[in-house]
Amino acid sequence: MSSSIVDPADPVFRLHRGGKMAVTSTVPLTSREDLSLAYTPGVARVCEAIAADPALAADYTWAAHAVAVVTDGSAVLGLGNIGPRAALPVMEGKAVLFKQFAGVDAVPVCLDTQDVDEIVATVRALAPSFGGINLEDISAPRCFEVERRLDEALDIPVFHDDQHGTAIVVLAALRNAAALLNRKLGDLRVAVSGAGAAGVAVTRMLVAGGVNPDQVVVCDSKGILSRQRTGLTGTKAELAATTNADDRAGDITEALRGADVLIGVSGGQIPEAAVAGMAPGGIVFALANPTPEVHPEVAARHVAVVATGRSDYPNQINNVLAFPGVFRGALDARATRITDAMKVAAADAIAGVVAEALTAEAIVPSPLDPRVAPAVAEAVAEAARRDGVARA
C-alpha cells in the first residue's frame, strides 16, 4: 500500500524501511548438539528448574536484561493520540536507544486499547517475560493510575518515562544551572508551566531534590493551581495543596513575576513580557518540542541560562540521558521498583558528568556522551541497595 505522504527518497523513510530492530541469537546454532542444548531436549531441564524456583528465571532467561516498552498510542511525541500502530516507530526507536546506550534488550508493546483496566491486565499478564516495564506516551491523567496500579501489582520496576525521565534530567540540569549561578535549590522560586504528566513529575522531583515546595507555582491552561481555584481534582488538587504557599492566583505572567526559574512542559506559548518579569539572573527551561514555550533567543535576552528539548540548541533536556541508565541500574540490582531516591541519584549522576566544566551552554551532558549511562546505572543500583529494594 502506498501513501502520498511517503517519499521513498526521503532519508527518514529510507532508514525506517523494514523497521529499526530485529531479534538475534546469543548462542551458536550450527550443529545438532547446539540445537539439543538451546532447544529440545536440553531446554526442558532449565524449564523444570525455573518451575521449581521461579527466581532462577533471572539467571537462565533474558528477563534480567529485558524491558517492555509499553504504549497505548494516546500521547505520542507532539503528535497526540495517533494510536498504537502509528506509535510503533517511536517505540522501536526507544528500544534501540536502550540497547545502544545501556545494553538493555527492549521490546515495543503497542496496545490496541486505551482502557486503564485493560492496559493494567495486559501488562500484568506480559510481565513474566521481562525484568522491567517502561511506560511510554500514555496520556494524563490515565498514565498516573496505570503506573500506580502496575507498580503495586508487579515485583519489577515500572517507570513512566514521559514523567520521570523528563523530571530526572530537569533536576540534573537545574542542579548544575544553580551551581553555575552560585544559587541554592532551596532558595529558588520556580514556575512550572504545565500540569500534565511531565509537569506533575517535574514538580515532585524538584521537591524531592531540594526545591522548597512553598516556592513552586504550577500552571495549567487555565492559570495557577491555587487553593482559590474551584473544580480541581486528583493530582491538580494535590499540587494546589502542597505548593504555592502564598496562594498566588492568575496566569503564567503572574506566576513568573519575580520567579528565578521557568520550566515549560506544556506546549503553550509564553509571551516575552512574562519572561521579562522574572528575577534577574534567571533560568528558563522551555522544553516543548518542536516549538519551545519561549524561543531560546528571546529567553536569552532576559535570563542567564536557557535549555530546550531540541538538539539544535545548547542544553538539550533529553530523556535519553536518564532512562537507559536508570533501567540498567535497576536491572543490575534486580530492583523490585524504582524509588524517588533512585531517581534523585540518577539526576545527581547526570549532573556530575559535567559538573567540573559548567558553562551557560553546557549544564547537561550531550545525549551521546558515553559516560552518562554507566554513571547513572551505578548510582541507581547503589540507591536501590540503600533503599532495600534490590535483590542482587
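Entry 1, largest pocket. I looked up which helix gives most to the lining, and α5 supplies the largest share, 5 residues. Helices are DSSP runs (H or I, at least four residues), strands likewise (E, at least two), numbered from the N terminus. The model is predicted: local features need pLDDT of at least 70, side-chain atom pairs count only at pLDDT 80 or more, and totals for chains, interfaces and linings use all residues. Residues are numbered from 1 along each chain as its sequence is written, and side-chain values use heavy atoms, with hydrogens and water left out.

I noted a volume of about 1500 Å³ for the largest pocket. Its lining has 39 residues, with L77, G78, D137, D162 and N289 closest to the centre. A pocket here is an open set of points on a 1 Å grid over the protein atoms alone, where a 1.4 Å probe fits, with protein on both sides within 12 Å along at least five of seven lines; lining residues have an atom within 4 Å of a point. Volume is the space filled by probe spheres set on the points, which are joined across faces, edges and corners.

Of its 24 lining residues, T24, T26, W62, H65 and D105 lie nearest the centre.

I checked α15 (residues 340-353) against α16 (residues 372-387): their axes, lines fitted to C-alpha atoms over the stretch in contact, come within 8 Å and cross at roughly 150°. The two are therefore roughly antiparallel (angles over 145 degrees, on a scale from 0 to 180 between N-to-C directions).

Key. Parallel < 35°, antiparallel > 145°, perpendicular 65-115°, else oblique.
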